[in-house]
Amino acid sequence: MIESLALALGAALAVACVLLAARPFLREPGSASDRLREPGPLERERVRVEEERDRALGALKELEFDHRTGKVSDADYRDAVGPLRRQAADALSRLDGMMRPTMSMPPEEPRVPEPWPPPDEGDLPDPAPTPAPGEPTPGPNDPGSPQHPPMPQTGGPRTL
Amino acid sequence: MALLGRAALIVALGLLAYAALAGALAAFRGRRRLAESARNALVAALGATAVASLVLLGALAAKDFTFTYVAEHTSRELPLGYTLAAFWSGQEGSLLLWLLILLGLGVSAVLLNGRLTRDVLPWVVPILAGVATFFAVLLVFVATPFATQAAPLDGLGLNPSLQNPYMLAHPPLLYLGYVGLTVPFAFAMAALASRRTDERWIVATRRWTLAAWAFLGIAILVGAKWAYEEVGWGGWYAWDPVENAALMPWLVATAYLHSVMVQEKKDMLRVWNAILVAGAFVLSLFGTFLTRSGILSSIHSFTQSSIGPWFLGFITLVIAASTALILWRLPLLRSRTRLESLVSREAAFLYNNLFLIAFALTILWGVLYPIVSEAVRGVTVTVGAPYYDFFAIAFGLPIVLLMGLGPLIAWRRASLRALGASVLWPALAALVAGVGLLALGAGSSRAGLIGYTFAAFVLAAIVHEFARGTRARRATGSATWLGAFTSLVGRNRRRYGGYVVHAAIVLLLVGAVGIGGFSSSRETRLEPGESVTVAGYTLTLLGSDQRRAANSQELRARLAVERDGERLGTISPGKNRYFAEEQTSNEVAIRSDPLRGEDLFVIADQFRGQTVFLQVIVNPLVNLIWLAGLVFLAGSLVTLWPDAREQQRLARRFAERDSALARA
């Protein structure tokens with residue numbers, strides 16, 4: 001009796017499992033679109049550049065925070081901030097270029113640009129490093145200067 | 001019901017084989033419905049395995065001795081908790097638990113990462129299913145827990161060493177750690193196979209890796225606590241091969257958790273990270289093989305079996321396949337950036353990785369050498385504690401030093417002047433601690449003194465980091481210091497949770513050095529009324545008692561304890577004689593002093609009439625090891641806690657991508 005019950009339960013389990021596995025074919029018996037989504041070279045490049053952008057912006061925030069806590073000296077900060085900003089700007093510019101062909105499409109509902117990255121350690125005010133004696137004071141257009149214009153935000157048309 | 005258990009395992013095996021083959025075909029040919037079918041088969045296999053597990057649990061609870069497994073691992077008098085824990089006490093049950101956890105974690109990872117790693121998942125499913133198929137094959141053809149027999153009057157019982165509360169938790173935690181490492185392995189290999197080597201697989205598996213690593217770490221400590229109380233030699237870690245088998249993947253996973261941050265922030269070490277993920281997984285298989293194959297003699301190995309060759313074959317296959325895949329995709333893994341300076345956070349991570357891996361490899365060699373020696377030369381050799389202790393100091397001290405230095409160094413590059421300013425206060429604290437300890441007489445153990453000085457440096461560095469981070473946040477608008485602190489931790493949980501884990505490692509170091517370098521021990525025989533004094537504790541034998549417990553006869557020596565003239569109560573070390581198992585176990589008595597962090601540890605080696613042969617040990621600071629476990633858990637939880645900010649960032653990125661795809 002118990003053996004028969006066990007057999008029946010085993011058979012029911014097997015049928016249920018097979019039905020679950022076969023469900024995609026039962027639900028769409030003759031589906032025309034049976035291809036897995038394959039990202040093209042453009043999307044792969046976009047992912048790569050997005051990562052570059054995020055990496056550069058994240059590094060900038062980390063640098064700001066480390067500078068604020070005293071882990072990075074003023075001189076080190078000035079040396080590092082310029083290249084990082086250029087990297088971020090370059091990534092943003094390339095992302096813009098990639099998005100541009102799609103801009104010729106009918107205009108979408110305008111998206112409200114959200115701050116990126118969201119307020120983080122880097123939402124601290126831009127520090128004003130004190131130059132060491134004898135060091136030149138960075139000018140307002142110096143990319144390493146704290147007075148450098150803020151980075152453009154993603155999410156909408158931008159000019160660099 | 002054994003028939004239902006067997007049927008469920010056969011169904012699971014069929015589904016897993018299908019998921020592996022059909023999934024690989026679907027991923028290779030780009031067939032959507034076939035990929036979905038393979039994924040569903042994986043989910044169904046989890047259901048079938050759960051049914052098989054319930055059948056075994058039911059048989060254990062009912063003590064159905066027609067199940068050979070139940071008869072071999074329980075007895076009528078075994079308490080219910082240990083009876084249910086017998087699920088993972090034997091080889092067949094352990095393998096079933098492996099499969100159940102693997103499918104539970106694998107299915108959860110697949111279902112929860114559907115959006116983030118959509119392109120990678122078609123390859124993840126066959127890889128997970130392939131690993132699970134191996135375990136299902138073992139369970140169906142080699143080591144089935146559902147073999148039946150004519151029911152004997154009573155079972156053989158459970159090994160007395162396993163009848164300990166910590167053993168209820170240790171194996172499942174260990175398996176959650178071992179098996180959890182399958183998830184990052186599957187995603188990493190799938191990313192390579194699908195040529196999606198961007199950071200998505202890292203983001204998708206970050207928490208799974210952290211969780212597996214945390215489980216493994218906690219399991220090692222729970223196992224150490226079990227060994228401390230149950231094996232009863234007065235120590236907590238004996239460099240036993242099975243203990244080492246769990247430590248090795250933990251060390252490699254620790255290296256990975258550090259180096260993956262370098263990949264995320266600097267796009268470096270991509271090949272290295274792929275190797276570490278594969279290495280951690282292979283070592284977790286190797287650990288299971290060591291524990292379950294019976295290839296070596298260990299206090300933790302409770303099995304002699306024939307599954308060894310199967311495991312060796314599978315481990316070889318995994319090494320060959322992952323090596324081939326990494327080599328095949330090498331061009332995709334080349335980093336575009338270089339190390340900018342040897343004095344930088346990423347360089348510190350690199351040094352820490354080298355020491356961690358070197359330590360793991362020396363342990364591996366220590367474990368393998370006796371096996372190789374016996375196989376090749378026919379000579380049985382043992383690699384003892386001095387070998388491991390030497391390398392633990394040689395590699396461990398630099399690792400501890402880097403734990404303190406790393407957080408003080410900035411990413412990319414740090415000038416020596418900035419580094420000097422950061423290091424100044426922690427170094428001064430370490431110096432003061434070292435000189436103070438020397439003055440207090442801690443110089444009797446040079447390694448201990450250096451260890452404590454380094455520990456002081458790391459702790460001071462952690463406090464320094466928290467303090468200046470909180471100050472910076474307070475300066476930028478937080479209303480209160482507490483608000484600044486919580487905001488600091490909440491905005492970078494991985495970093496500050498990591499520091500808490502570092503503090504746990506320091507506590508562990510302090511406890512381990514305490515027990516290793518400064519413990520006191522004495523062996524003696526006492527007649528009733530006689531006393532012995534060790535490290536300020538005086539023990540007086542009051543007499544011996546016997547009593548019958550549920551499944552054993554207990555023999556205890558009653559000892560009155562005093563310290564500096566103050567009565568601290570009595571303790572009762574002794575032995576248990578288990579009826580069904582026909583085995584005797586040592587039951588040590590431990591009196592912990594939470595304020596001092598030390599233990600009075602007493603072993604009753606022999607009873608001859610009224611005479612008791614005792615070993616009395618005083619282990620200073622040993623309780624910090626167990627406290628380290630709690631701090632480690634707290635730090636791991638901080639790092640694991642979901643970060644809403646990151647979720648928003650990823651959601652935004654996918655929204656951008658989906659929108660671009662829709663337009664295209």
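## Exercises on strands and helices in chain B

Strand S6 (residues 574-578) of chain B is mostly covered, with four of its five residues buried (buried means under 20% relative accessible area, with a 1.4 Å probe and protein chains only). This is a predicted model, in which local features need pLDDT of at least 70 and side-chain atom pairs count only at pLDDT 80 or more, while totals for chains, interfaces and linings use all residues. Residues are numbered from 1 along each chain as its sequence is written, chains are lettered from A and ligands numbered from 1 in the order in which they are written, and side-chain values use heavy atoms, leaving out hydrogens and water. Helices (H or I, at least four residues) and strands (E, at least two) are DSSP runs, numbered from the N terminus.

### Exercise 1

**Solution.** 
- Step 1: Recall that two strands pair if DSSP finds at least two bridges between them.
- Step 2: Follow the chain from S6(B) to S7(B): the two form a hairpin with four residues between them, and B:Glu582 in the turn has a positive phi of about 55°.

### Exercise 2

Describe how helix H6 (residues 121-142) of chain B crosses helix H8 (residues 182-193) of chain B.

**Solution.** 
- Step 1: Take the axes, which are lines fitted to C-alpha atoms over the stretch in contact, with angles from 0 to 180 degrees between N-to-C directions. The axes of H6(B) and H8(B) come within 8 Å and cross at roughly 130°.
- Step 2: Classify the angle (under 35 degrees is roughly parallel, over 145 roughly antiparallel, 65 to 115 roughly perpendicular, the rest oblique). H6(B) and H8(B) are therefore oblique to each other.
- Step 3: List contacts, meaning heavy atoms within 4.5 Å. Residues of H6(B) including B:Trp123 and B:Ile127 meet residues of H8(B), among them B:Phe185 and B:Met189.

### Exercise 3

Which way do H9 (residues 200-231) and H10 (residues 241-266) of chain B run relative to each other?

**Solution.** 
- Step 1: Their axes come within 10 Å and cross at roughly 150°.
- Step 2: H9(B) and H10(B) are therefore roughly antiparallel to each other.
- Step 3: Among the residues that meet are B:Trp213 in H9(B) and B:Trp250 in H10(B).

Terms used
Buried < 20%, exposed > 50% of the residue type's maximum accessible area, 1.4 Å probe, protein only.
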